[in-house]
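Here is a short report on one protein model. Look at the sequence and structure first, then read on.

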Amino acid sequence: MGRASDALTLYMCSFAQGGVSHDGSDDTSVVEHQMGRVRAAQVRAVFGIAPLVMLSTAVNIGTFVATRMIVGDVTALDGVWAAVGLWVSGVFLVRMMRKRRQAFRSVSSARGTGVIVLHSACVALIWTYPLLAVVQSQSPGEVMFTGILITGLMSAGAIALYPVPLAAVTFVFIIALVALPFVFLSFGALTVPALIICVVFLVLVATAIRRHSQHFLSELVGKLQAEHQRDMINLLIGTYHSEDGAHCLWQADANLDLGQASALAARTLGMSHYRGGSRLSDLMRGAHLHAYRAADTALVQALGDPQGAWPAQFSLLVETDGDLTGRRVFELAARKATLADDTPLSFNGYIRDRTAEVVADEVVERLASRDALTGLLNYVAFKRQAREKMASGPLLLVFVDADNLKMVNDTFGHAAGDAAIRTLGIRLRRSFGGQALVCRKGGNEFLLLVDVVDLAQDLLQAEDLQSALNSPFAYAGHQIPLAATLGAVHEASGSLPIEEMVLRADRAQAQARTRGRGEFQLYDAEVGERVRRERVLARDIHAALDPSVASSPVAGELSLAFQPIVRAGDGSAAGAEALLRWTHPTLGAISPEKIVGAASSEGLGAALTDYVIAQACAEAAAWPAPVFLSVNVRPWDMSDPDFANRVLSACSRAGLSAARLWLEITEEEMMEETPYVMRNIQSLRAKGVRLAIDDFGAGYSAMGHFDRYPCDVVKIDRAVVQGCHERAVSRIVLDAVQAMAQASDVQVVAEGVEIAAEFDCASARGVDYFQGYFYHRPMTAAEFSALLARQAAPWVAPVSGRATGG
């Protein structure tokens, strides 16, 4: 209804004064643009006369019922109709009176005019009843009275409802539609003249509605245009102030004295009771304005100086300190007007409240540039700001890696892990006097960038930071330990890209980690080269483990050497330990420890173990049956639930009996005794694989737990064997190990035997096997096969302990 009413209003407006107002503007476009205010004016106009119309409606209802009583035609239906009509009129009258007591809104929705149209239709339908009730009445007076009553009602409705054309037309034409059959049935021979009179009257009423509606709309358009012109005039004379107080325009003289406009400007700035001076500098001091952007600081100071040399044009953002009306941000702009000879005349400017816009921008910027958990810069924003600092002088970049975050999550829960990250962020923010640029790079990694004035002093502060980051924090009644490893790089030239600085600091951090957790390392050329080598190895280990990559210069260059393990009785080779080798095309010979570290860093630990076992088993399968193969395995191997199956499958593919395979496990790994470790050990030993405790006596010895180890061989670490003929403690250890080995039916291998005295000392204590340079250095598979062929004595299988088997 409301939209249909708007459409008819615009149609009526198109005919008002030809559709063009006196200033040349299109009335229709003005009304359409201001439709909310037009509706409000229509509602006010109708409500202004509606109480009188409702009162007359009640009177007319009463007179119609009285007439029916006089002529004797009154019925119960007449009473019902009268009650409904009076109730509708009363309800509408009450709503009208309530509305008149309240302030009308300046704009109205389509619903407001829609309600008026709907109510008009309802009233018109109510007044069709009298026409239907007196049809074929035997009383000419009653018919005449009803005709006069309805005619008057149509005229009154048109007069009352013309501000809303659709309401007026709906009211009149509903009654007219019912009046036509009334005339046909009630006037007999006078029907034709009555119809002519009705049609002429209806045309007159419709014309009156159109003309009155057009006059109403023309007056309304004129009022709206007058208000617009008033605002334009205020704009030109500098006294415009928006209704919501969000902005104002002002004019000042050449000395930036706003005069009368100062009151408007003061209200816009939130100073409703301002009694200070009228100069712009006075207003700025009164509102406690300061620059929102760093680039505007100097201009704000200049504008705040009564004697300042102001620019001819300026635009800046200023911010209040929040003491008066809360934090607000304003755009303050002006342009100087001059005469032809450049004589200063005045300033024309505006103040606009930008608070909501600026706050929205800040939220977007915070989401785009800040880490949600810590509030620190994210890596993208950090790099952008770091590049801006590069030209400011020497810089120190610190790379921080939280070491024990996984332990905190696993032990205390992820909420504690989040608290640990936040704690690290707070401590980093407070470091270096709060002057550092800090970001969370991701996960448990942070970056800190600080201007260097005194490198030695800054390094001392970095050490203080290291201490702070490795101090526990309180959470949920617990003192939770923190551990962080730090690497740093110093850049004095300003030419090094920030990405390269981060890479070098990361390399220094990686080097610090090799010494343990919580360490600090400053990057230098030696550190860079060492870490570079490690990363080259980590990159190339993939190709080295895949001989099928023929195009790679490092493909297939992993190899095995074999160091013989000899019998104590005759020195003959009973077996050999497989040792991993890698001759890198650019880095040269790589130690087994470096190879394992590279594989571990790339998640290839299991692949490396499978490669070594497969290659070693393939070589050992060609050795005489009693000769055994010994292979080292790593902690991650024994923890793999499928490790035993992998080993046994490798033996089967190579054609090597599982009983000829030794697996060397560090004492540290044996002492874990986790379910997976113990299950793998049991499965392997059940198939004949012999397990050897490697490096026994080197840091993890627990003689009292010797009998708990499910093993077949104990390999005494070289640190115990070397110099044993000169050190009483070593001899005591050898005696104790040998005694417990005999009691447990376990064989003993002495590692690292290099001289005859060491051999004699260990041999005197009943050691079963020897391994070391005193007998043989590591050799190739072909050399070991040749050694076996040269052995003159016939092969005899070992008979002591669990080393037996074929």
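Does L204 count as buried or exposed? At 55% relative accessibility, L204 counts as exposed, because the cut-off for that class is over 50%.

## A nonpolar patch

This is a predicted model. L204 lies in helix 8, which covers residues 191-237. Together with V192, I196 and V200, L204 makes a nonpolar surface patch of about 390 Å².

## Overall build

The protein has 28 helices and 21 strands. Of its 806 residues, 46% count as buried. The accessible surface comes to about 38500 Å². Carbon and sulfur atoms contribute 57% of that surface.

Among contacts with a separation of 6 or more, 65% join residues 24 or more positions apart.

## Aromatic pairs

The structure holds 10 aromatic pairs. One of them is W623 with F784: the ring centres are 4.7 Å apart and the planes lie at 65°, so the pair is edge-to-face. W623 sits in the loop between helix 20 (605-620) and strand 16 (628-632), and F784 in helix 28 (residues 781-790), so the pair ties together parts 161 residues apart in sequence. Both W623 and F784 are buried.

F774 and Y775 also pair. Their ring centres are 5.2 Å apart and their planes are at 85°, so this pair is edge-to-face. F774 is partly exposed, at 32% relative accessible area. Y775 is partly exposed too, at 26%. F774 and Y775 belong to one aromatic cluster with F759 and F770.

## Charges over rings

K441 lies over the face of Y379, at 5.0 Å from the ring centre. The charged end of R777 sits over the ring of Y773, 4.0 Å from its centre.

Terms used
Residues are numbered from 1 along each chain as its sequence is written. This is a predicted model: local features need pLDDT of at least 70, side-chain atom pairs count only at pLDDT 80 or more; totals for chains, interfaces and linings use all residues. Side-chain values use heavy atoms; hydrogens and water are left out. Helices (H or I, at least four residues) and strands (E, at least two) are DSSP runs, numbered from the N terminus. Buried means under 20% relative accessible area, exposed over 50%, partly exposed in between (1.4 Å probe, protein chains only). Contact means heavy atoms within 4.5 Å. Accessible areas come from the Shrake-Rupley method with a 1.4 Å probe; for residues, only the protein chains shown count as cover. Patches are made of residues with over 30% relative accessible area and no salt bridge: like charges are joined within 9 Å, nonpolar side chains (Val, Leu, Ile, Met, Phe, Trp, Tyr) within 5 Å. A salt bridge is a side-chain nitrogen of Lys or Arg within 4 Å of a carboxyl oxygen of Asp or Glu. Rings of Phe, Tyr and Trp (its six-membered ring) pair if their centres lie within 6.5 Å; planes under 30 degrees apart count as stacked, over 60 as edge-to-face and the rest as tilted. A charge sits over a ring if NZ of Lys or CZ of Arg is within 6 Å of the ring centre and within 35 degrees of the ring normal.
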